[in-house]
Amino acid sequence: MTSNCDISIIIPTRNRADSLELTLQHLAETDRGDIRIEVVVVDNDSSDRTREVAENFCREFPVHYLFEPKPGKAYCLNRGLDEAQ
């Protein structure tokens, strides 16, 4: 993860690739000024294209993809907090 960020945004998700894509697109277009951010997408065992969406944004935007196999939002958030700087 990025150690030089001001804010970490953790997005826990499961089978919401379309919503994730829209969210990341809006974040990429947002004028953040001098605020350095990192986005951590925590995939909770999705069966759709969640990983593909997150990885596509990695090329143009600071997005980190993590996979959490244990079901539940709390596991995802904890995994994101453990990995975010």
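Buried means under 20% relative accessible area, exposed means over 50%, and partly exposed lies in between, with a 1.4 Å probe and protein chains only. Keep that rule in mind, please. Cys76 has 2% relative accessibility, so Cys76 counts as buried.

Now, what are we looking at? This is a predicted model, where local features need pLDDT of at least 70, side-chain atom pairs count only at pLDDT 80 or more, and totals for chains, interfaces and linings use all residues. Residues are numbered from 1 along each chain as its sequence is written, and side-chain values use heavy atoms, leaving out hydrogens and water.

Confidence next. pLDDT is the predictor's confidence in each residue, from 0 to 100. The protein averages 90, and 94% of the residues score at least 70.

Helices (H or I, at least four residues) and strands (E, at least two) are DSSP runs, numbered from the N terminus. Two strands pair if DSSP finds at least two bridges between them. Here 3 strands form an open sheet, in the order E1-E2-E3, with parallel pairing. E1 (7–13) and E3 are the edge strands, each pairing on one side only. On average, neighbouring strands are turned by 20° against each other, direction ignored.

Let's walk across. E1 and E2 share 7 bridges, in the parallel sense. In that pairing, Thr13 has Asp43 in E2 as its bridge partner. E2 (residues 37–43) and E3 also run parallel, joined by 5 bridges. There, Val40 stands opposite His64 in E3.

Axes are lines fitted to C-alpha atoms, for helices over the stretch in contact, and angles run from 0 to 180 degrees between N-to-C directions. H1 touches E1, E2 and E3, and its direction makes about 165° with that of E1. Helix H2 (residues 50–58) lies across E1, E2 and E3 too, at about 155° to E3.

Last, the cysteines. How many disulfides are there? A disulfide is a pair of cysteine sulfur atoms within 2.5 Å, and by this rule the count is 0. Cys76 is in no disulfide either; its nearest cysteine sulfur, that of Cys58, is 17 Å away. Cys58 is partly exposed, at 37% relative accessible area.

Technical notes:
Contact = heavy atoms within 4.5 Å.
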